[in-house]
Amino acid sequence: MMKSLKLWLSEATWKFRNFTRRYTGRITTFFEKRRLGFMIHWPGWLKAIFYLLPALLLLGVFTFFPIFNSFFISFLEGYNIQTGEFDDYTLIGNYRYIILEATGFRQAVINTALIVAITVPATILISLFIAVALASVKPLKGFFQTVFFLPYITNTIAIGLVFAYMFSGNANTIGTTLGLANQILGWFGVDPIIWLGAGNAAEGIRGATYWTAMSVILIYTIWNGLAFKIIVFLSGIQGIDKQYYQAAQIDGASKSKALRRITVPLISPMIFYILVTSVIGGFKTYTSVVAIINPEGLISYGADGTINLKTIVFYVYDFIGMAGTNGMMSFASAAAIILFVIILFFTIIQLQVGKRRVHY
Amino acid sequence: MEIRLEGLTKIFTDKNGKETVAVDDLSITIPSGKLIGLLGPSGCGKSTTLFMIAGLHKPSGGKIFFGDDDVTRLAPEKRGIGLVFQNYALYPHMTVRQNIMFPLENINIKREEALELVKEMAKLVGIEDQLDKKPAQLSGGQQQRVAIARALVKKPRVLLLDEPLSNLDARLRLQTREEIKRIQRETGITTIFVTHDQEEAMSISDQMVVLDFGVEQQMDAPQDMYNKPKNLFVAKFLGNPPINVLEGKVKDGNIIVGKDTVIGKTKAKDGSYTIGIRPEDFKADENGIKVDTIDVEHIGRDTMIRFMMGETQVRALVDSDSVEGKEEIALSVKTHKVHLFDKENGQVVL
């Protein structure tokens, strides 16, 4: 039964292939006969532009124009997004306001920098070790690979909400309902911690501290970033010729030395790619804060007042949210451009370092 | 360092539980300080044997001795071996210097001393001016030398070479095999090298071991093995052009091929035999057998004559002068060079 099904399938595939071949052939001849091959005599560059046109149009409308436009808007004063009118041009006024006068920008930069500085090295190291471990296990390999890849294909908000639930328990409920994290801590005799919960001003009970909330964001970001990195590293490791390890073994290198001196250098292009993309990704953190903390990015009445966990992108969106007011869009643009410059700076540094450290 | 293999056996089991005997009860003794060629067709177990000596494969049975030490259960890095892989396995991200130095990083040695050793090895193999290049910038022959230097730098007791010349072009191969021989002479290290090329093995080894289906066929000095093959397999495997194999019989001390062509005398008992005659063991002889030539090729000094002997096509390689300009060629066989093999088991008779 199985066999005949297989046979039938392979035959059907073959027939389908023949069918499509025949008809693509006919379509080509049709065009040739009707002299519809109008591009035949075009020069190469014109053809190239023609083929790229659909992509270029979309990119132009949704990527290039907004980039240049926001750059432009960041130099306007009193810009009204509905009428497009503005009072005056200013070179650095909006930037000055964002950096020096506006509240919360510095906190947003600190929050973002913390997330990048901690999660990027941590995810890379952890995923590298998991990838090495996965590469060396034989039984249940597919199962583990699937398990580790699951976060990648699951919605960020959904996972974030699950995380928020795992770390739940606020100032009012801390004695009664405990999230998974607090329950586990309870087994070791640790008192429940208010991870994310807001305080209760009326009863004077304080909520989460900055670091408890931040650590949940960090743990979430690290965990969420693992999946893709593991897959990339794993494919890199599996592409390394086994003979290098045999040679290293004969040369007396220990397993950890082989990892340091052979595996890591040989997958350094992948590590480098992951580093660059995850630094950029880290600077653009937004969704995870929304999902874990709340759409305001603030924990009210925390351990020391309102706790601000907004990232730079969060900050930009805050201004966009107020875009009805004249001038706010310019502040949003200025903040976005500052973020762009920061990312550009780090990326250039990485590319420079990469030239010396990456073995292609 | 004398290497002794005692009943060495390797059985691979595939997914379906099917067993393949790669090396079957191999017992040989490799004398100290010699260059030994492990020779055989593809899949005969020669590389497996080498990897078992290296410690990368675990034997299914039998023992390996280095001198008096039983190393069968020893990890590769503790055996004191140097191994050159078929594709060299040079670390692509390290320079030549780092490559050669890598084995030294794992033992207790001062950096200056290590650098000195690296220089010494580089000089031995003739790559001292390439030390700062990456392997990809070197030619195949140079990479090969780097691999040998890396294998030798730790002063191993045994040097193992897995098909060391198969990735080189014909001319480089010739050069490199002389180089390997020189390095082996200079260091006096016991060397085992694996090859499927009989000419290569014959030209550089002190002793050869021929394997087929994991079973040792013969171990001898190259020329002895060529002249006195123990069985039909060895006779067929050595020599280019290959040996002529004919069906024939012995009657009253005469070796008879085909219907009634007597090609020589022997002391073997009467009966049917498989007869092996090397092409160069024919000679032009006016009193010999007149042959119907199919083709005559003059290749410089030698002439290759193809003709029918009984039912079989036979090649003869004779001196060009002796057949030049002759219309009819008559050949005889150097009687004492005819090999008689048992028809059943292929073992040599006499």
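## The main nonpolar core

In this predicted model, the largest nonpolar core holds 97 residues. Those with the most contacts inside it are Leu38(B), Ile100(B), Met121(B), Ala149(B), Leu160(B) and Ile192(B). Helix α4(B) supplies the largest share of this core, at 6 residues. Both domain 1 (3-237) and domain 2 (244-349) of chain B give residues to the core, so it lies between them.

Now for the strands. Chain B has an open sheet of 6 strands with mixed pairing, and their order is β6-β7-β8-β3-β9-β10. The edges belong to β6 (81-84) and β10 (215-220) of chain B; each has a single partner strand, so one side of each is left without a neighbour in the sheet. From one strand to the next, the twist averages 15°.

Within this sheet, β3 (residues 35-39) and β8 (residues 190-195) of chain B pair in the parallel sense over 5 bridges. Here Gly37(B) has Phe193(B) in β8(B) as its bridge partner.

## A helix against the sheet

Helix α4 (residues 140-152) of chain B packs on the sheet, where it touches β6 and β7 (158-162) of chain B. The direction of α4(B) makes about 165° with that of β6(B).

Note on methods
Residues numbered from 1 in each chain as written. Chains lettered and ligands numbered in written order. Predicted model: local features only at pLDDT ≥ 70, side-chain atom pairs only at ≥ 80, totals over all residues. Pairing = 2+ DSSP bridges. Helix = DSSP H or I, 4+ residues; strand = E, 2+ residues; numbered from the N terminus. Axes fitted to C-alpha atoms, helices over the stretch in contact; angles between N-to-C directions. Contact = placed C-beta atoms within 7 Å. Core = buried A, V, L, I, M, F, W, Y, C linked by C-beta atoms within 7 Å. Buried ≥ 20, exposed ≤ 12 C-beta atoms within 10 Å, placed from the backbone. Domains from an automatic or database assignment.
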